[in-house]
Amino acid sequence: MLDERAKSLLKSLVERYIADGQPVGSRTLSRASGLELSPATIRNVMADLEDLGLIASPHTSAGRIPTAKGYRLFVDTMLTVHKELLETPELEPDQPQRVIANAAHMLSNLSHFVGVVLTPRRSSKFRHVEFLRLSERRVLLIIVSPEGDVQNRVIFTDVDYLPSHLVEASNYLNQHFAGLAIEQVRERLAKEAETLRSEIGQLMRAAVRVGSEVMQQGQDEIIISGERNLLAVSDFTSDMSHLKRAFDLFEQKAQLIRLLDGSTEAPGVRIYIGGESQVVPVEELSVVSAPYEIDGQIVGTLGVIGPTRMPYDRMIQIVDITSKMVSNALSRSK
């Protein structure tokens, strides 16, 4: 356990390093902490913090920088979030895809780092379907999910359907199957095949087949905005290998999706610090994330990815506010 003096010095060291990006020496730390301690005492405390793995000395520098363990202790027990007035643009209710894309841009613009949003898991149910005749034997299928997500697909048919046939088919599906999962609709249609006119039944079965493909596509999609912002971060530009590892993470996406998916387990802001575990595979990166909701139910996650030397207090506010705005916009757009 650290005593109050050691905690105060560690807090000051982390804050100074986040602000300046330079290893913090004992003299600088003495001024930053405001404690009336001799340089020798501060050096002794810093040696103890280094023995505990909370700070480290880069190369031959006389100063110290926080380790992943040090950042974690700072974030969990010492971080004070000062509420500030953030100028956030309006996030208007719209189709979920647009809300998600706008949120990723907002996170990136406000943080000056990388904004990421894990899209809502696509429902296997539909709220409304509609058919529109495009040309001979070409029909546009419009599927609206319970969340308000709109998907369009073209169906190539064996016969040329009249507009009245298309209205009849869409009305039947909406009246009898709205709110059911696609597989349930498929089973029900198979049982009711004899009671349906053959051409109408064929059209509805084609719609269910295409609808099933639509629901399976794009699951766990992640929207990333602002990767180029990392080019302005000295932590990465000073060592191109760090930048390459970061961009590899954005390219692969799978590990990033697993990370964000884990954030949906509980409400509130969570912080993942690179280097403390395999959760964030790039030591120089940290992730601040929070889930967002539709009508009180958690459906996805969003966050900011930046250097471990990021102003965590500001990132927490940005992520928290954006998650609330996304929740509100998606709930209102239904």
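A salt bridge is defined here as a side-chain nitrogen of Lys or Arg within 4 Å of a carboxyl oxygen of Asp or Glu. The structure, which is a predicted model, holds eleven salt bridges. Local features were considered only at pLDDT of at least 70 and side-chain atom pairs only at pLDDT 80 or more, whereas totals for chains, interfaces and linings use all residues. Residues are numbered from 1 along each chain as its sequence is written, and side-chain values rest on heavy atoms, with hydrogens and water left out.

One of the salt bridges links Lys7 to Glu4, with 3.9 Å between the closest N and O atoms. Both residues belong to helix α1 (residues 4–20), where three residues, or about one turn of the helix, separate them. Helices (H or I, at least four residues) and strands (E, at least two) are DSSP runs, numbered from the N terminus. Glu4 is exposed, at 59% relative accessibility, while Lys7 is partly exposed, with a relative accessible area of 29%. In these terms, buried means under 20% relative accessible area, exposed means over 50%, and partly exposed lies in between (1.4 Å probe, protein chains only).

Arg72 counts as buried because its relative accessibility is 19%.

In a further salt bridge, the closest N and O atoms of Arg309 and Asp235 are 3.0 Å apart. Arg309 lies in the loop between β10 (297–307) and α12 (312–332) and Asp235 in helix α9 (residues 234–237), so the pair ties together parts that are 74 residues apart in sequence. Both Arg309 and Asp235 are buried. Elsewhere, salt bridges with shared partners connect Arg72, Asp76 and Glu276 in one network.

The loop between β2 (65–66) and α4 contains Thr67. A polar atom of the Thr67 side chain lies 2.5 Å from the backbone oxygen of Gly53. With neighbours within four places in sequence left aside, Thr67 is in contact (heavy atoms within 4.5 Å) with Gly53, Leu54, Ile55 and Ala56.

An open sheet is formed by five strands in the order β7-β3-β10-β9-β8, with antiparallel pairing. Its edge strands, β7 (222–225) and β8 (270–273), each pair on one side only. From one strand to the next, the twist averages 20°. Strands of a sheet pair through backbone hydrogen bonds, either parallel or antiparallel. Two strands are taken to pair if DSSP finds at least two bridges between them; β8 and strand β9 (residues 285–294) are paired in the antiparallel sense over four bridges. Arg270 stands opposite Ser289 in β9. Helix α11 (residues 254–262) lies across β3 (114–118), β7, β8, β9 and β10, and runs at about 70° to β3. For such angles, axes are lines fitted to C-alpha atoms, for helices over the stretch in contact, and values run from 0 to 180 degrees between N-to-C directions.

Strand β9 also contains Ser286, which counts as buried because its relative accessibility is 0%. The side chains of Ser286 and Tyr312 make a polar contact at 3.0 Å. A polar contact is a pair of N or O atoms within 3.5 Å; within protein, one must be able to donate a hydrogen and the other to accept it, and residues adjacent in sequence count only if both atoms are side-chain atoms. Apart from residues up to four places away in sequence, Ser286 touches several others, among them Tyr272, Ile273, Val304, Pro307 and Met310.
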